[in-house]
Amino acid sequence: MYSVHVFLYVACMLICVYADCPHERTGLKRRSVPSTWSSGTPSEGDSIEIIENILMDISPPALKDIKLLNGGSLTFLPDVKLTLKAANIYISQDGTLEIGSEDCPYMGKLTITLTGNRELHQGEKHPKAILVEAGGTLEIHGEPRLPWTKITKTLSPPDGYDSGNYFYNHEFEENQNTNEFWSGVVAYTFMFDNNGEPTVKEFDVYLLQWHNDKLAGHINRVKDGEVLMMASQIQIESGTSTAAYDAFERLLYGEVTGSSIFRSVKQDGSTWAFVYQKGNPDSYSEETNPFGTTSRATFCTLAGVCFMAEARKGDPAWGIWDQQDNFIVGNIDAIYPLAETTDEVTTWREGDRVIFASTDYDWNQAEERKVVSCEDCESNQFRIDGPAKYVHYGKVLHGALDMRAEVLLLNRDVVIQGEMDETCPAFNGNCEDETVRGLDTFGAHVKVLKDYANVHIENAEFYNVGQQTDLGRYPIHFHMTLDKVPDATVSYIRGNSIHNSFARCITIHGSHGIEVIDNTCYNHMGHGYFLEDGGEENNLLDGNLAMTTRKGTGTLEPVDKTRPAGFWLTNPNNRFRNNVAAGGEGTGVWVLYPDEPLPPSRSHHIMEKFEAKRTMIQQFENHVAHSNLLFGIMIGDRETEERDVHCCNEWQPRADPKDENSTPLDIILFKMTGYKNRFTNIWIEGGLLNVSHISVADSLNGIFVTNEGQQDIFAGRLSHAVIIGESENKGVPTEGFTRSLPFPWTEEWRIHPQSALTMWKGPTQYSDIWFDGFTTNSVYDIAAIAKKRESPYPFSVTTPFRNALFAFDDEEGGGRIAMSGVRGVDAGWDFKEDGELVSGFTYYVETPEGEDKFYFVKPDHLSAAAADCAVRPSWRLALYTTKYGNLRVLGGFEALSTRGIFVRDDLPSAQFEFELKKDTGPQVVLDGSRTYTFHSLGQMPDWIRFSADGIETGDSLRIGICTPLGAAFELQTFYPNFFWTVSQFTRVNSLAELDKPDPILDGKKFYLDETTGMLYYKFVGATTRDPKEAATCGGGKCPELILKVQGSGQNADCRERLYGTKMNMEKPALQTYTDVIPATGGPTPPTGYGAGPTKPFLNRGPVVGTNLEKVDGGYGQWSGWSKCSVTCGAIDGGFTDWTKWSSCKVFNKAFCSGFSKRTRKCSNPKPTYGGKSCTGATQEIEPCDVC
């Protein structure tokens, strides 16, 4: 071991404290001075202890361990480019590693490389690490640079010659298909015609194994002024001849040198591209990169004609065979596209590497480019070194849905990286796992332990970091630090670029009060931003970006393997805002809690059991998730003891989280944006949810707001949302379609129905929602509203919609408001669960007299029982004004493999069979005009509970229950009466007596027909339900009846003896309603609907992590008015005249009442040039009578 012993005087100590920049402090000992090292200058492989203050002014040899302790510090001189290599760096006992300071950022170039593979580090507790232990300080302050931004103009790939930007594009030409599967070199020679325009002189594809001499001839035929472009295709495989290499070097250097880049390209899938104008040395451009990395060469003439040769990386799943080339000749916009952004990008420089996020379903459409020189760019513009391969969308749709692609800055001048083996070493133990992709996953990491002194990390790059091989080794990791020591300042991690990570990006584990701000996490395995145990509190995650989240092996967390999340957030006592999850193999943002913090956090008693699910989240605002394989934003599920996930979160905050009986609180969540997440954009489950200002588009399911796990207890609401089915962002079209599909891979998945608002359980309250983008097609169903598919759970028809604004007319072949489907009949609806047998909602229409209610239910003959039935064929739902509710049945059916059969009394051929694994059942008429019976198909359970959901005062529902003939039974009810035994009920002698209204006995009487075994009971409503109530019945209690049968297991199917041949009754045709339903909303959402633009951030206070005080902004003087940008003024919209009242429409000839309507449109004139939309109703309805 080598030690440094330099005596420091108190005066020097005082000067150091007040110095502006760490490297300028007096008393620093330069690493380059031999006398600094009392035991001699360290040599390669040595371990050293630094116990005094050292200034690194030259790069040392590669060392083993560096220990900073006993007041020792290591500071870096920014005036020279420095590298530091070590196996480990340990910081403890007042030791400090200092790279710049908050007030004096490090403006030099520094690379710290942690070396060694897993085998070399075996036996170490914290291998390949910068480890901050008790008393240690880590200060990393790189040059402040904009970490990421959003584009404000769509960046598109070449779209044909009509754009005027292209003279030639290989992809538009037949040449693209010439020998496209040959491994070799594609070569073009371009000459200039008399008008100075480039034309193809020669083109060919060369297999170097066999065509080396031919390629040499091509090169030799290039004349002065002509441009030669070449690129590898698939991979270069050379033979024994070197003629092409020799000709290439003579072209460039006038002689054979044997050392050209072209000659050195490896035959392992490495890519290579080249451009050169003969006779113009300044035109030379050549690049080669490893397999899976694009190589690109470019050159522009003084006349503004630009040439680009490109060897593109392919889809990793296809290996080298997907590595193709492209050649473009065009103007500067064709070769160096211009990107425009929301923020100033003046800190981005030529040569910087940037990543554009995918804005399609496929997260693999994220693209890397380099920034090129742009002298005429504005402060929010930059140019890149080649056209995009995919569309990167750049619009805020309707001012409400922000689909602008994120673009991040990948590189920094302060780099912390791991030294990696070229391929996965067997000692890693995970090389066979497909998620590893053949890579060495034993990267570097920074770990902070309890009682550290200070840690601040900003504006640095972390590359080849994290270890998929072992637990607890993540790029930046605060591990069980709990609260900071009293004298420490707030720790922060901000403005960093973390990429090519093999295990997460930033982990907060059992640590509190950490600020994680404006970081980017790109191409990482497993969860990205990770709260590990659910024992992390008072942390802030603000403005962070996760992009390209990949699956891990599952050895660190099981969910890494199946549904990795960009953000994994496990404790509500934290603030989360302005974060973006821009694509990955799982979920974007996932909020879930364990029942209590998992070990080792549990031992610190941070939260009691179930306290988390009773705790309000400190802040959850302005999050975006797109292009994820499964979910965008998921607030749901809970983390199990095994660190897996399970239904359901049962989240209901209380005034006192430690008291489960204290007052329940509204869960206020707002400003979330989700699009192009394949399965679901946003899933939110909880109790009294108050979700608002949401924007979603393009997904199998747009948004769920559900009380899963708390149905019949609490339910929430969704309002002021913008919900779009299929947006104008069409993506890369699926073969045979005009747009990309959520699940394009098989015919079975392509036909899956798409609904933007997917209802489940409930009744969730929906109001003030604007819908658009639901044009029907012949392949798959799409609608604004539908119930969750493939579900065994009950669903309440009482689910209400108010002020639903549809920007389209609902008509055959046009837009569609709602949908359902029938198994075996409608494509995409082949699900067997009970939940598929019910669907619908209650739609409220404001009238001058108040509100009209319309009920929508399934159009089968059991459900479609009311006299005023009108089926809307395109919805596969039936419309009524008659009161509807749900009959729910619960019992031990699943254990006995018994099924339940519901029969409509007046039409016994109308029957429905339910598995009854959950307490579900059919939708039923509640005005007493229809009655129903229930039969057990198989052995009867020993108890069955029936409840009438949605029933109110004045409503009634009679049911008959088949019991085994002669069987003894017991009846109970706990609401609206409390009857424990059958003796408390009143037995009547006939159905007529049961049906007869009796305000005293209704709900207390039953009738048993001993000849058929049918027991009849009439439910009556006891309360009136508040339309905005969260439960299906008034006061949260629905009338119920419990039947217990002695000698269970007997047959209880009375249909044959009850109905006989009536079960074969012909089912009458149902009335249909096919009129056009006019749009109820304008072409754009009302002001204030949706999440709106998500950047710049509008919810930040003072500059966090600094000593800067909050300073409110102040306006300067107004400038003079500019000239009007257009010559026309704003035109406010005006209504047309009302149409005549329509004829009275009835749903059934046997039903007298109906409605008549009239309409008007906001088109006289249409609002234009920013004019106001019309205010007022576009449709009026009044009741009418035809009898």
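**Entry 1: Lys1018.** I began with the side chain of Lys1018, where a polar atom lies 3.2 Å from the backbone oxygen of Asp995. The model I consulted is predicted. I found a polar contact from the Lys1018 side chain to that of Asp1002, at 3.3 Å. I placed Lys1018 in strand E71, which covers residues 1014–1020. I recorded Lys1018 as buried, because its relative accessibility is 7%, and the cut-off for buried is under 20%. Setting aside residues up to four places away in sequence, I noted that Lys1018 touches several others, including Ser956, Arg958, Leu994 and Pro997.

**Entry 2: Arg872 and Asp810.** I next looked up the salt bridge between Arg872 and Asp810, whose closest N and O atoms are 2.9 Å apart. I located Arg872 in strand E59 and Asp810 in the loop between strands E56 and E57, 62 residues apart. I listed Arg872 as buried at 4% relative accessible area, and Asp810 as buried at 0%.

**Entry 3: Glu728 and Lys395.** I then turned to the salt bridge joining the side chains of Glu728 and Lys395, at 3.0 Å from N to O. I noted that this pair links distant parts of the chain, 333 residues apart.

**Entry 4: Salt bridges overall.** I found 68 salt bridges in a search of the whole structure. I also noted a network of them linking Glu171, Arg296, Glu310, Arg312 and Asp385.

**Entry 5: Nonpolar core.** I examined the largest nonpolar core, which has 165 residues; Phe620 is among those with the most contacts inside it. I listed contacts of Phe620, including Leu569, Phe576, Ile633 and Leu669.

Technical notes
Residues numbered from 1 in each chain as written. Predicted model: local features only at pLDDT ≥ 70, side-chain atom pairs only at ≥ 80, totals over all residues. Heavy atoms only, no water. Helix = DSSP H or I, 4+ residues; strand = E, 2+ residues; numbered from the N terminus. Buried < 20%, exposed > 50% of the residue type's maximum accessible area, 1.4 Å probe, protein only. Polar contact = N/O pair within 3.5 Å; in protein donor to acceptor, adjacent residues only side chain to side chain. Contact = heavy atoms within 4.5 Å. Core = buried A, V, L, I, M, F, W, Y, C linked by side-chain atoms within 4.5 Å. Salt bridge = Lys/Arg side-chain N within 4 Å of Asp/Glu carboxyl O.
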